[in-house]
Structure formats: C-alpha cells, structure tokens
Amino acid sequence: MTKATTKILDLEPFDNIGAESGIRMMGYSKTGNKIGYVPISSLLSTKIIAGVRWLIGNSSPEGEPYGDMEFLRSLASVLGLGGYLVQNDHSRKKLSASTHYKLENGTAAALDGTMGHYQWGWNVPFYYAKWADGTYNYEGVSTSPISGAWNYKIPVASMSAAGAAAIDRTNKILVSYCNRNVQYRGGTNNADLDVDWNTQLGKPVVNINSDLYQTYAEKNGARWGASMYMMTFIVGALMRIIFHNRNGQAGYNATLTSDGLHQGGLGMGVDNMNSTFTYWPVCDIDALADKGDALGVYEWDVANGENTVAVKNIPVFYGLKNFYHYLWHIQHGVILSNNSDTSKDVYIKKIWTGDSIPLETLTGMEKIGTIPASNNGWNYPSDLNLEHLCLYPLAFGGSTATNYSDGFYGDGAISGLRALAALGGAGDGAEAGPCALSGIDVPSYADEGYGAFLCEAAEDWDTTPFWVA
C-alpha cells in the first residue's frame, strides 16, 4: 500500500476547537520514553492562567506577573494573536508572522479586499476574569474558565489590523481593505488630492457620522461592528497582562525580564502629526504590514510636500498598528446618559448578536453603572470599571503616572445622551493611551480626528459574567 505524504504547511487548520473535540495531538513522554496521542480536550481543560496582579492601595501602574509563567510567555502564540484575512462569514486565514503580505503557508496575500478584510485578532476562544483576594487585584486569561472568579467568554474575534477602517463609498460598507481605488478613498473624501502628495487614497476613513460607521459595518453581515466596546476592552486587558502594566504608554523595552516576559509598554504613540502634516489621516492602512505580527515601536515614511517625513513611535501589538493615540473611536454598544449632577449613567448592549446595535437611544440597553461627576476637560481616573468588558471611570484622583495612567475627557452636561469615545488622538498627549476615554460627544458625532475600526466576532459575544467555583 502506498502512503500519502502531505506538507505540514498545506494541512487544513482546525478553527474554533472546542473542549469536547475528538482531535488528538501527538506528544512525547520523557519518563516513559515513548510517543503517543493526547486528546486536545485534556489540554484545553487544564486550568492554567496567564495573569497580572496589583497590590491593593498601591497606585503604581506596574504590576506583578501571575499564574503559569510558561503559559504567559507563550500567550500570544497560544491565542493566535496576529494578522488574519477574514471573510464576511467569519472564516479566516492566518497571515504570516513575518509579513502580512503572505499567508501562513507562504503563499501571497492581498490586503486590497480581494481575499477578505485585513484584520487583527485571535483564533482561539478564551476566558477573561478579574478578582481580588484582599491583598491583590488580579486580571487573568485562560483557555478554560478560571476557578473562583466571575468569567467572561471571549469568542474568536478581530478588528482592523491598521487600527482603523476604510469605506467602500460606492456601496456604503465599512471595510478593512487597503485599496487605493477611488471607491475606497479615505480621509474626508477629498478627490482633489488623488494625484497629490497628500492623497487620501489607501488611508483610513474619518469625519463620518459615527452612527453611520456602525450601520455601514453591519452591512458585512451578522456580528460585524464599528469600534464595539468589548474589542477596545480586551485589547487593553491583553496588553496589561502581557506587559504586567496598567500604563500602556510606558516606554517600550525590548529586553525581557528574568522570567522571559515582556515589560514596559508600547510608548506614547505616534508623534504629534497634527503639527507636522497638513492633511489627515496620515498613515496608509497597509503601513508596517511588512512587519507581520511584530511587537514593538516602529516608524513609517510618509510624503509631506516635497519631503518624506518619518512618522515615529507607532505602537505595534503583535501586528495591530496605531490603535491608540492616533484616531478617536466612538464605541458602539455603549451609551452615556447625563445626570443633573454632571455624573453619567452607563448603558450597554450586553450581548453582541446578529441584531443591529441601538443608536442614539437607550432602548435595548441595560444600565451597568455611573461615571462620577467630572470637570470639563481631562480628568484622571484612580480606578476603572472592568465589569461587562466595558471601561469607564469609577473614581477620579489619578494621574498620567499612576493607576491606568490615561485620562477621561469630561464635560458639565446635565442632560442628554453622550457617546463613549476611546483610545485618544494624535494631538493628545500622555493621557491618550489604550484606556483613554471621552464622554463629551453626542452619539452621532463626526470629526476629522474620529475614525472607526471594523470588528467582528465568530459567535454571539455575551458580556454577562458567569461564576466558576
């Protein structure tokens, strides 16, 4: 009988492996000196945690790694953090870790939409939990529910790999394509710049009514959205765990700790481009795609008149680029309601399903808490809400050097609805990192400094926690 041989890279990947799967992996027993098969379910059911903890009452943003150090070291590869090409039906192909111009199997990858949306995310569902023991506050993730804590299931999901999306202006669809055809013109849709040095072709879209961003995203199909709040949250949580630091803007440090873990952060974000360039936005959607699933801080050369100028300090998180301190994003699925004392009640859509997201209304939303009264302008939280995967301030009195280190931009409004914008703009400073928030905009706000990232989830995303004993 002739045996068939197949290259490993040509094998079909198993997506969304569940705990009851009959798939087996080959393993080697050192003690038994033999090779055998291990059910994948036994690996997924092993309750190992990659986490971080902070001493209660200590305002230092730097925490302490917690859990299984080997799992923490390999967390990015276990979850499959990196670039993907994602179809509207949520099927996905992993891009090469070394360059996003190739698929994982080495064949060419197109980022112009002909092979799907250019996204960043993970290909393994996992669980997030936060808890306290009287001494420490903890955050952790695992591939199985974490015992002794309220858990949130995180489905396979993704967002625009460029940190911001484009738009199909012909069909009014939000997309993650880097396509320099006029149909996908970014920026403010200025056609006069198409052949100039400050062209908006290939750039993210800005200055569209934020409600329309969500409407256009939903045209891709069920569970497609524009800047959904749980995506903002989980990226920040993964950063805090991997860097064991609440300050995502801490300086990047390429040197690993003695445990082989990352430390520091990804820096303040891109240079203040508002004072350097006369057009907006600046970086192409495929900027730094050649770096693949890189982790670090990079620069990108951009035309500026007769000169080429390097945009420096671009944060890259396993291939996710420019996701904070670049463009503000109004988060969908969350609405603020102003109170007479200038506090703001927080309402969310708890389950992201195939249904449309409520816009400019509290209908279909549930109250989960209240943002305390704040001053006009930047306020610095000393504590942030982590329940229901929705960030908002619980108390003020922090700074850019303590706690979460990012700011909340408040107003003195005593009535009406507001959006909860996130991630900060390039013109902002140290207050505009992965946990930066603003509560001053009406839900339908549009501005040249406001874009949207396209996001999707492969299954309904419930932000209601469940207890595991």
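A residue is taken as buried when its relative accessible area is under 20%. Asp345, at 11% relative accessibility, therefore counts as buried in this predicted model. Lys367, at 46%, is partly exposed, because that class lies between the 20% limit for buried residues and the 50% limit for exposed ones. The side chains of these two residues form a salt bridge in which the closest N and O atoms are 3.5 Å apart. Asp345 belongs to strand β22 (residues 344-348) and Lys367 to strand β24 (residues 366-371), so that the bridge links distant parts of the chain, 22 residues apart.

Across the whole structure, 16 salt bridges were found. Side chains of opposite charge can pair when their charged atoms come close. One of these bridges joins Arg92 and Glu456, with an N to O distance of 2.8 Å. Arg92 is located in strand β6 (residues 92-94) and Glu456 in strand β33 (residues 454-457), and the pair therefore ties together parts that are 364 residues apart in sequence. Both partners, Arg92 and Glu456, are buried.

A further salt bridge connects Asp284 with Arg180, where the closest N and O atoms are 3.6 Å apart. Asp284 is found in the loop between β16 (263-264) and β17 (295-304), whereas Arg180 is found in the loop between β13 (173-175) and α4 (210-218); the pair therefore ties together parts that are 104 residues apart in sequence. With a relative accessibility of 16%, Asp284 counts as buried, while Arg180 is partly exposed at 42%. Arg180 and Asp284 also belong to a network with Lys203 and Asp286, joined through salt bridges that share partners.

The largest nonpolar core comprises 80 residues. Within this core, the residues with the most contacts are Trp120, Trp122, Tyr128, Phe317 and Trp461. Helix α5 (residues 229-243) supplies the largest share of the core, namely 12 residues.

When neighbours within four places in sequence are left aside, Trp122 is in contact with Leu79, Gly80, Leu81, Tyr84, Arg92, Ile154, Pro155, Val156, Ala157, Met231, Ile234 and Trp461. Among these contacts, Trp461 is itself one of the residues with the most contacts inside the largest core, and Arg92 is a partner in the salt bridge with Glu456.

Conventions. Residues are numbered from 1 along each chain as its sequence is written. This is a predicted model: local features need pLDDT of at least 70, side-chain atom pairs count only at pLDDT 80 or more; totals for chains, interfaces and linings use all residues. Side-chain values use heavy atoms; hydrogens and water are left out. A nonpolar core is a set of buried Ala, Val, Leu, Ile, Met, Phe, Trp, Tyr and Cys residues joined through side-chain atoms within 4.5 Å. Buried means under 20% relative accessible area, exposed over 50%, partly exposed in between (1.4 Å probe, protein chains only). Helices (H or I, at least four residues) and strands (E, at least two) are DSSP runs, numbered from the N terminus. Contact means heavy atoms within 4.5 Å. A salt bridge is a side-chain nitrogen of Lys or Arg within 4 Å of a carboxyl oxygen of Asp or Glu.
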